[in-house]
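User: I would like to learn how to read domains and contact surfaces in a model. Please take me through one.

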Amino acid sequence: MNVWLLLICMGLVTYAIRLSLIVLIGRVNLPPIIQWALCLVPPAVLSAIIFPELLMPGGTLDLSFGNLRLLAGALAAAVAWRTRNVLLTIGVGMVALWVLQVVIPH
Amino acid sequence: MAVVNTNRLLRHSPRSEFIAGIRAELPILLGVVPFGMIYGVLAVGAGLTVGAAMAMSSIVFAGSAQFVGVQLIHAGAPGMVIVFTTFIVNLRHILYSASIAPFLARLNPRWKWLLAYLLTDEAYAVTITRYNQEAASPVKSAHRHWYLLGAGLAMWSTWQISTAAGIFLGAQVPSSWSLDFTIALTFIALAVPALRDRPSVAAALSAGIIAVLAFGMPYKLGLIVAAISGMAVGLWVEARQLSNGHRHEPGDSR
């Protein structure tokens, strides 16, 4: 697909979702099951991205201590859990990866 | 009584609402700037042209979806898969649309179309807080849509400028810096606070494991399959808790 056509389709999909209920209905109560399902979107989508990034950095499963991204990512997750601070999480994870890359030969 | 109300209404001018919206948005923007810059760096690193990388920020205007989109473009996923993934990643905005709709019900369509475009996580967060406070007080502002406009435009311009800065920087950063790792780190920072109860943990764990198992699926469909399966598992856990008599309010786990 042409990248510009792709961008327009991505934009239309996003806009349609944001506009949907503002225009369609003045006051609406989504059925509880839909609300629960929507609440689960962030954890499900995000970890579906995170797990392969950390567990298979080279495209294949790597659960060894040589997997620096897994180590740095686990540390970042601990920081996120304790502080809930986005910037600190990214900072600690990034620095951890750089330090590990220097310390551990790969 | 009526006099008092009129006086108070007069105090809320479009201008004052607009500025209040910008002010409320400012603290959040501190976190948005690095996020936007990281997007710009990654977009260039993924092979997007400067024009396309910028256009994504203004056409799509949705942080997480842009990160995922860039990653999928880099991986060579087909357009339909990328568009469908964008749909799933942005589904949460239906909740925003639903909860803000009653406050915008009286506006003319043009206002609704404009404000819908500006309805990002960040603008929604400050606006709904304000609207809910206002709903609890006897004083109603006739210009409250200007508040969302202020917050939304502040977010919009910050996003455009910071992603442009990232795109400019992106060309200068060598790949040995492993900056692509910031995608995973950003998502970790966003995902961990979303793990509030058993259903969300179950959804996250199963989606993650299935994503690893389904990694080899054609057209990069693994992400979608994993996300939908994870949501299904989360709902199943939710249903079991309910049948065991646990109370749970929808929206708790956002």
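Analyst: Start with the domains: the assignment for chain B gives domain 1 (2-179) and domain 2 (195-254), with bounds that come from an automatic or database domain assignment. This is a predicted model, in which local features need pLDDT of at least 70, side-chain atom pairs count only at pLDDT 80 or more, and totals for chains, interfaces and linings use all residues. Residues are numbered from 1 along each chain as its sequence is written, while chains are lettered from A and ligands numbered from 1 in the order in which they are written.

User: How many residues does each domain of chain B bring to the contact?

Analyst: Two residues are in contact if their C-beta atoms, placed from the backbone, lie within 7 Å. Domain 1 of chain B brings eight residues and domain 2 of chain B brings six. The C-alpha centres of these two domains are 26 Å apart.

User: Which helix gives the most to the domain 1 side of chain B?

Analyst: Helices are DSSP runs (H or I, at least four residues), numbered from the N terminus. Helix 5 of chain B gives the most to the side of domain 1 that touches domain 2, with four residues.

User: How many residues are in contact between chain A and chain B?

Analyst: The size of an interface is often given as the accessible area lost when the parts come together. Here the account is by residue: 62 of chain A are in contact with 75 of chain B. On the chain A side, helix 1 of chain A supplies the largest share, 17 residues.

Conventions
Helices (H or I, at least four residues) and strands (E, at least two) are DSSP runs, numbered from the N terminus.
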